[in-house]
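The structure is shown first.

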Amino acid sequence: MCSSDLVSAVITQQPLADLTSMSAIPLAVDQPQPFQEVYTWKTQTWTKGGRISRSYKDLGTRGDIQVQKNSQNVVPYIGHASWGLDDLSRAALGNVPLPALELQGALRAISEQLNSDNWFGDSAQGISGLYGATGVTTSAVANGVSGSPLWANKTPDEIEADCTELINAVVEAVKGKGALLPNRLALSVASYSKLATTARSQLSSMTILQFVQQALESVGMGGVEITKHPELADNGSGSKWMVLYRYDPQVMGRIMPLAPTFLPPDIESTYITQALHAQGGGLNIRYPVAIQIRTGM
């Protein structure tokens, strides 16, 4: 006789939030070698002296080039997966691929820390992320007529004003330099949904998102991609945030000399351990003027 029970071979995996810094921020223009501890990049500025000569007998002003060094720590990220012969045997009885699941868990843990450091940095390790980075302007959106900055309590006009204020602030900061004009607007998933599903008014079928896209086109930034990221739901103080920036490794890039890599398994009698390591240094931000953040939505 066959059993009346069917035990499914399919294991339903825990749903996990996307880790999006890898898609939101490009790799830096170059990378340190694995096991180097510091990544140093150079920035050049040019200044003009007092005057331009009008006579061939006078050489006039001298253009002055200055090169400044900036540094960022590079640190290891180390974890492991492990299982014993008893764990493996019991898992096999239930058709559970224990080693694969253990390895997935170790990789997830490392990836979450790398992702967090890209977005928020780690001051204890000397790692700078996007939020709170030196030179990046960060400010809170204004309160609405309700006295609250939250988009849930604001009118469509007030939400539009938050977005257009950010656009105008970045355009003014980069002073028309085409190479620095932003091409990405990143929002939390909830903020993106608010823009995409809220009409400008009761008499309009246009959403706030469509209005923002038109506003970007009107200032020559029609190619700006508007993206959504779960990490922007909380800036560490329970506040949503958004960032307008230029997706360009010359502006901002991820430092990752070694992507997550498994080492060979270490087998000791009836116990197996497999280490995983990576190396990263958060972000190098070469042109913070091309990035602005708003919080409090």
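In this predicted model, the lining of the largest pocket divides by class into 5 nonpolar, 6 polar and 1 charged residues. The second largest pocket has a lining of 2 nonpolar, 6 polar and 2 charged residues.

| Pocket | Volume | Largest share of the lining |
|---|---|---|
| Largest pocket | about 250 Å³ | β2, 3 residues |
| Second largest pocket | about 180 Å³ | β1, 4 residues |

**Largest pocket**

The residues that line the largest pocket are W41, T43, N70, S71, Q72, S128, A133, T134, L283, I285, R286 and P288. Three strands each contribute at least two residues to this lining: β1 (38-47), β2 (64-73) and β12 (283-285). Of these, β2 provides the largest share, with 3 residues. The lining also includes S128, A133 and T134.

**Second largest pocket**

Around the second largest pocket lie K42, T43, Q44, T45, Q66, V67, Q68, Q250, R286 and Y287. Two or more lining residues come from each of β1 and β2. The largest share here, 4 residues, belongs to β1. T43 and R286 are listed in the lining of the largest pocket, and T43 and R286 are also listed for the second largest pocket.

**The chain as a whole**

How many helices and strands does the protein chain have? The secondary structure amounts to 6 helices and 13 strands. The radius of gyration is 25 Å, well over the 19 Å that the globule rule gives for 297 residues, so the protein chain is more spread out than a compact globule. Taken along the principal axes, the box filled by the C-alpha atoms is roughly 100 × 60 × 30 Å.

What share of the residues counts as buried? With buried meaning under 20% relative accessible area, the figure is 38% of the 297 residues. The protein chain exposes about 16800 Å², and carbon and sulfur atoms supply 54% of that area.

Contacts within the protein chain can also be sorted by separation in sequence. Among those between residues at least 6 apart, 74% join residues at least 24 apart.

Technical notes: Residues numbered from 1 in each chain as written. Predicted model: local features only at pLDDT ≥ 70, side-chain atom pairs only at ≥ 80, totals over all residues. Heavy atoms only, no water. 1 Å grid on protein atoms, 1.4 Å probe; cavity = no way out; pocket = protein on both sides within 12 Å on 5 of 7 lines; lining within 4 Å. Points joined across faces, edges and corners; volume = space filled by probe spheres on them. Nonpolar A, V, L, I, M, F, W, Y, C, P; charged D, E, K, R; others polar. Rg over C-alpha atoms; globule rule 2.2 N^0.38 Å. Buried < 20%, exposed > 50% of the residue type's maximum accessible area, 1.4 Å probe, protein only. Contact = heavy atoms within 4.5 Å. Areas by Shrake-Rupley, 256 points an atom, 1.4 Å probe, with all protein chains shown as cover.
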